[in-house]
Every structure is written in C-alpha cells, then in structure tokens.
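Grab a pencil and work through these exercises one at a time. Try each task yourself before you read its solution.

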Amino acid sequence: MRNSNIHGCPAPQNITLVQRLQLLVGRTVTVFQPGFPRLTKTTGKLSNVTKTTFTVGSTVVAIQTSFYIVLNERAKRTLPFDVTATAEDIGELSGILIRVGRGFVEFVQTPGRRVPTIFPLNLFTEVVCESEEE
C-alpha cells in the first residue's frame with residue numbers, strides 16, 4: 001500500500017490502523033473530529049472496531065474521515081523524528097514520532113502531555129516527518 005500523503009518518515013511497522021485500534025478496545029480514549037466552531041471532542045470506551053468504523057462511547061467514527069485519537073496512557077518511547085500532521089477541517093498537529101503503521105502514524109503532541117496520538121493516513125490527512133539529527 002503506497003501512501004503519497006506521508007513524507008520523510010521511517011518505513012511502516014506491520015500493523016494496520018484497525019489492528020492498532022483493536023488492541024485498545026475497552027480502554028478510555030478521546031477522539032477529535034471536525035466541528036463548528038471548534039473541534040468536537042468525545043471521550044469514552046473504545047469498542048466495535050471494524051474495517052470501516054469504530055465507536056468511542058456512543059459516537060461511531062468512520063475510519064476514512066478526518067479525525068485523531070488521544071490515548072490516556074503515557075508514551076513509553078519515541079523515535080528521533082519530528083512530526084507535522086495535517087487533517088482537513090482540523091488543522092495542524094506537531095509532535096515527536098512513536099511509530100508509523102500501515103494507514104496511521106502515532107506520535108506525542110508537543111507541547112502537551114506525553115500521551116500517544118493516533119493519526120490516520122487517508123484522503124483527508126497528510127504527515128511529514130523530519131529527522132531530529134538534521
């Protein structure tokens with residue numbers, strides 16, 4: 001699977017977005033989606049992960065849309081890459097890379113709490129990584 005919306009990042013690990021979300025079923029997460037006048041924030045238990053949707057609390061989210069998820073657990077390690085992630089109708093997030101998966105990027109937002117953000121790679125998103133060594 002070729003992603004033209006990801007640039008300068010290390011090769012992806014062999015885990016898909018759906019597989020990553022399935023590992024988190026039953027945990028409390030926060031999903032951010034476009035909303036007016038500002039982002040819609042939903043916190044709840046993650047459930048019902050399918051190939052096309054997942055549920056947070058009572059909110060069903062389509063995987064091929066603009067969203068990101070913030071986990072409520074401390075990030076254990078990061079990689080030496082700065083990340084800029086942009087989503088349609090959400091804007092730009094910056095952080096430090098945790099991992100690249102198949103169809104998603106996981107990173108710690110900076111500034112902010114040291115918790116993972118899961119950001120999808122789809123038609124509505126773009127991610128740029130830059131090595132901290134440069």
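**Exercise 1. Which residue of β5 stands opposite T53?**

Step 1: Look across from T53 and you land on A62 in β5. Step 2: Zoom out to the strands, which are DSSP runs of E, at least two residues long, numbered from the N terminus, just as helices are runs of H or I with at least four residues. T53 belongs to the pair made by β4 (residues 53-56) and β5, which is antiparallel and has four bridges. Two strands count as paired if DSSP finds at least two bridges between them. Step 3: Check the turn: two residues sit between β4 and β5 in this hairpin, and G57 there has a positive phi of about 65°.

Before you go on, note that this is a predicted model, where local features need pLDDT of at least 70, side-chain atom pairs count only at pLDDT 80 or more, and totals for chains, interfaces and linings use all residues. Residues are numbered from 1 along each chain as its sequence is written, and side-chain values use heavy atoms, with hydrogens and water left out.

**Exercise 2. Work out the strand order of the sheet and find its edges.**

Step 1: Trace the open sheet of 11 strands: β1-β11-β7-β8-β9-β10-β6-β2-β3-β4-β5, with mixed pairing. Step 2: Look for strands that pair on one side only, and you get the edges, β1 (6-7) and β5 (59-62).

**Exercise 3. Is T43 buried, partly exposed or exposed?**

Step 1: Find T43 in strand β3 (residues 40-47). Step 2: Recall the cut-offs for relative accessible area, with a 1.4 Å probe and protein chains only: buried is under 20%, exposed is over 50%, and partly exposed is in between. Step 3: T43 has 47% relative accessibility, so it counts as partly exposed. Step 4: List its contacts (heavy atoms within 4.5 Å). Skipping neighbours within four places in sequence, T43 touches T28, V29, T30 and V56. Step 5: The side chains of T43 and T30 also make a polar contact of 2.8 Å. That term means a pair of N or O atoms within 3.5 Å; within protein, one must be able to donate a hydrogen and the other to accept it, and residues adjacent in sequence count only if both atoms are side-chain atoms.

**Exercise 4. Which residues form the disulfide, and why is it right-handed?**

Step 1: Search the whole structure for disulfides (cysteine sulfur atoms within 2.5 Å). You find one. Step 2: Its partners are C9 and C129, with sulfur atoms 1.9 Å apart. Step 3: The torsion about the S-S bond of C9 and C129 is about 85°, so this disulfide is right-handed.

**Exercise 5. Describe the aromatic pair of F32 and Y68.**

Step 1: Use the rule: rings of Phe, Tyr and Trp (its six-membered ring) pair if their centres lie within 6.5 Å; planes under 30 degrees apart are stacked, over 60 edge-to-face, and the rest tilted. Step 2: The whole structure has three aromatic pairs. Step 3: F32 and Y68 are 4.8 Å apart centre to centre with 10° between the planes, a stacked pair. Step 4: F32 lies in strand β2 (residues 28-33) and Y68 in strand β6, 36 residues apart.
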